[in-house]
Amino acid sequence: MQPVSTSDLAQEGQADKLPTDKSPTGKLTEKLPTRKWQALTLRLADIARRYPDAVLASSLAAEDMLLTHAILEGGSGLGIFTLDTGRLHAETLALLDVIEARYGRRPDVFRPHEEAVREHVQAHGAYAFYESVALRKACCEIRKVEPLRRALAGRKAWITGQRRAQSATRADLPDEEQDTTFGLYKFNPLADWSEAEVWAAIRAFDIPYNPLHDQGYPSIGCEPCTRAIRPGEDVRAGRWWWESSDSKECGLHAGNRFSIKPEAVRS
Ligand code: SF4
């Protein structure tokens with residue numbers, strides 16, 4: 001496969017925008033194959049043809065910004081939404097304005113029901129997620145899963161930016177699957193992408209991204225549930241870092257937990 005070269009990008013008027021050849025975690029990003037980007041574009045067009053109402057669930061993380069760029073620049077017409085849990089970093093929320101300024105379209109935003117949040121906080125406190133996995137999942141259910149259900153209601157398919165290499169819980173991630181949790185089809189068009197390839201695309205096309213990625217956050221969720229990672233740690237090690245690795249899903253991709261290989265679980 002041929003990598004994207006500076007001359008390829010110069011033809012597209014983007015060579016002057018190539019800032020570095022590394023991802024925020026220091027991985028070289030020079031190996032994005034041109035055919036891989038083309039395959040992604042074709043894949044999104046195929047999804048739009050098969051499921052015109054398919055929608056990208058964007059967490060505004062690097063992978064989702066890449067997909068947002070591919071969707072909005074590629075003209076596939078696919079929808080995009082994000083979940084504002086009420087506990088996101090300011091840097092994450094600021095990306096909504098950045099996307100609108102760059103692409104002329106703002107992702108739809110779904111928020112939790114205020115009453116459900118209030119009742120949970122009154123009953124358990126504002127930081128109950130640190131106390132047990134059950135309380136953490138209850139918070140994720142209110143702030144993420146229920147709004148996701150609303151965002152997907154009536155649709156036939158959704159799209160995620162999950163990759164197999166992100167964590168042990170995603171090692172068996174299929175390219176597409178019937179999502180039995182939410183009752184619709186699910187596409188993971190970046191399933192076989194590496195972190196280096198994601199950042200190669202971001203650098204090559206000058207795709208906007210969350211500045212927290214440059215501060216040691218390869219995976220970004222809610223502010224109180226995300227920390228920067230140390231060198232050599234799993235890219236999702238900063239998510240719910242106080243829990244064991246096999247519980248680290250929030251319910252948006254519940255099936256991942258059941259495909260985990262015991263030998264792949266870190267101690
Ligand atoms: S990630 Fe943390 S703050 Fe966000 S919904 Fe889940 S438990 Fe609540």
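Predicted model: local features only at pLDDT ≥ 70, side-chain atom pairs only at ≥ 80, totals over all residues.
## About the model

Residues are numbered from 1 along each chain as its sequence is written.

## Overall fold

The protein has seven helices and six strands. Here helices (H or I, at least four residues) and strands (E, at least two) are DSSP runs, numbered from the N terminus. In sequence order the pattern reads α-α-β-α-β-α-β-α-α-β-β-β-α.

Of the 267 residues in the protein, 37% are buried. A residue counts as buried if 20 or more other C-beta atoms lie within 10 Å of its own, exposed if 12 or fewer, and partly exposed in between, with C-beta atoms placed from the backbone.

## The ligand site

Let's turn to the ligand. Its surroundings comprise 13 residues, and the closest are C139, C140, R143, C222 and C225.

An unreviewed UniProt entry lists C139, C140, C222 and C225 under "binding site". These four span 87 residues in sequence, yet no two of their C-alpha atoms are more than 11.1 Å apart, so they gather at one spot. UniProt positions are given in the numbering used here, feature names are shortened, and annotations may be inferred rather than shown by experiment. Leaving aside residues up to four places away in sequence, C139 touches H120, A128 and F129.

Helix α6 covers residues 133–152 and also includes R150. R150 counts as partly exposed because it has 15 C-beta neighbours inside 10 Å. The C-alpha atoms of R150 and P112 are separated by 9.7 Å, although the two residues are 38 apart along the chain.

Helix α4 (residues 90–103) has 14 residues and reaches 20 Å from its first C-alpha to its last, close to the 20 Å expected at 1.5 Å a residue. That expected span is 1.5 Å times one less than the number of residues. The buried residues of α4 are T92, L95 and I99, and they pack against α3 (62–74). After α4 comes G104, with a positive phi near 75°.

Helix α7 (residues 195–204) is mostly covered, with nine of its 10 residues buried. Among them are V198, W199 and I202, along with the charged residues E197 and R203.

## The nonpolar core

A nonpolar core is a set of buried Ala, Val, Leu, Ile, Met, Phe, Trp, Tyr and Cys residues joined through C-beta atoms within 7 Å. The largest one has 50 residues, of which I47, A54, V55, L56, L66, L78 and I159 touch the most other members. Elements giving two or more residues to this core include α2 (34–50), β1 (55–58), β2 (79–83) and β4 (157–159). The largest share, seven residues, comes from α7. Beyond four places in sequence, L56 touches D64, L67, T68, I71, L78, G79, I80 and I159.

Most residues other than glycine have a negative phi. L60, not a glycine, has a positive phi of about 70°. L60 sits in the loop between β1 and α3 and is buried, with 26 other C-beta atoms within 10 Å.

D206, in the segment after α7, likewise has a positive phi, near 55°. Is D206 buried or partly exposed? With 15 other C-beta atoms within 10 Å, D206 is partly exposed.

Notes: Near = placed C-beta within 6 Å. Contact = placed C-beta atoms within 7 Å.
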